[in-house]
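Take a walk through this fold.

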Amino acid sequence: MAKIAIFNQKGGVGKTTTTLNLAALLARRGADPLVIDLDPQAHLSGICGITVPRSERSLYAFYSSTQSLTGLIQESNAGWKIIPSHLDLSKVDTQYGKGPNILNRLNAGIVRENLNTDRPVLMDSCPMLGVLSLSGILAADLVLIPISTDYLAIRGALQMERTLRALEHVLKERVQRRYVMTRFDTRRKMSWDIDRQLRERFGAEVCETRIAENVSVAESPSLSKDVFSHAPESRGAQDYVSLLTELDACGCLK
Ligand SMILES: Nc1ncnc2c1ncn2[C@@H]1O[C@H](COP(=O)(O)OP(=O)(O)O)[C@@H](O)[C@H]1O
Ligand SMILES: [Mg+2]
């Protein structure tokens, strides 16, 4: 099934929030998702109740060659599967960045270990463009790009587009992507301006769904919860249902 990297070079745009809530919803629907936390800050692992004391039990061990991906899978507090991160992952670039096929290693591991045979795989990226985020993008069938609708949104989207084009130049194929607006505030003219500009520039690659600025989405991680267990009736929960439905309808989850 689909491997989806959630990526934007900008921090604080809703990558982790989107990964968390899509994974939670997929799990509720019986899809048995696997999440790979590619961010050395390990925010998602922390929200899921998993803090690995030593990097040997994190994705780092896969890169340092001591572990298979399968051996690193843990269960989140909501019951879905996650390969946790650890701060040591920030050393992967300097320690292993020059190794042969390093950028394909994650995808090769996922495929070799049949991790996406029966389930979708979601990868939460760090904002930096390095070995980890590039590995996620190269492994992905779809790159989902959250765009927080603040005043730097368009600049961030253009930066992402430049990055993906540069990659495509090397890969000789198009990277499938969808932009999704997050923290959308209908009362702000700026949000609607960004909506219009994104759709003008990126057309059908912009999701119809906009994730609203929503207090339940914002506060659920502090309770180690996703929005569906914290506030299932909230606007934020409804928006993530719409997003998943939209991705499903366009065949992005297959
Ligand atoms: N739809 C939303 N409504 C309100 N707050 C949000 C929403 N999405 C994300 N946030 C908040 O924005 C901040 C950044 O989100 P996060 O998912 O951690 O971004 P990233 O992973 O891109 O750095 C967090 O405090 C998060 O709770
Ligand atoms: Mg994050």
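Start at Leu198. Beyond its neighbours within four places in sequence, Leu198 is in contact (heavy atoms within 4.5 Å) with Ile147, Ile154, Ala157, Met181, Gly203 and Val206. The model is predicted: local features need pLDDT of at least 70 and side-chain atom pairs pLDDT 80 or more, while totals for chains, interfaces and linings use all residues. Residues are numbered from 1 along each chain as its sequence is written, chains are lettered from A and ligands numbered from 1 in the order written, and side-chain values use heavy atoms, without hydrogens and water.

Leu198 belongs to the largest nonpolar core, which has 44 residues. Such a core is a set of buried Ala, Val, Leu, Ile, Met, Phe, Trp, Tyr and Cys residues joined through side-chain atoms within 4.5 Å. Buried means under 20% relative accessible area, with a 1.4 Å probe and protein chains only. Ile36, Leu59 and Tyr63 are among the residues with the most contacts inside this core. Helix H7 (residues 153–171) gives the largest share, 6 residues. Apart from this core lies another, of 34 residues, including Ala2, Ala24, Cys48 and Leu142.

Now step back. The protein chain has 11 helices and 8 strands. These are DSSP runs, numbered from the N terminus: helices are H or I, at least four residues, and strands are E, at least two. Of the 254 residues, 54% count as buried. The C-alpha trace spans about 50 × 40 × 30 Å along its principal axes. Among contacts between residues at least 6 apart in sequence, 77% join residues at least 24 apart.

How values were computed: Buried means under 20% relative accessible area, exposed over 50%, partly exposed in between (1.4 Å probe, protein chains only).
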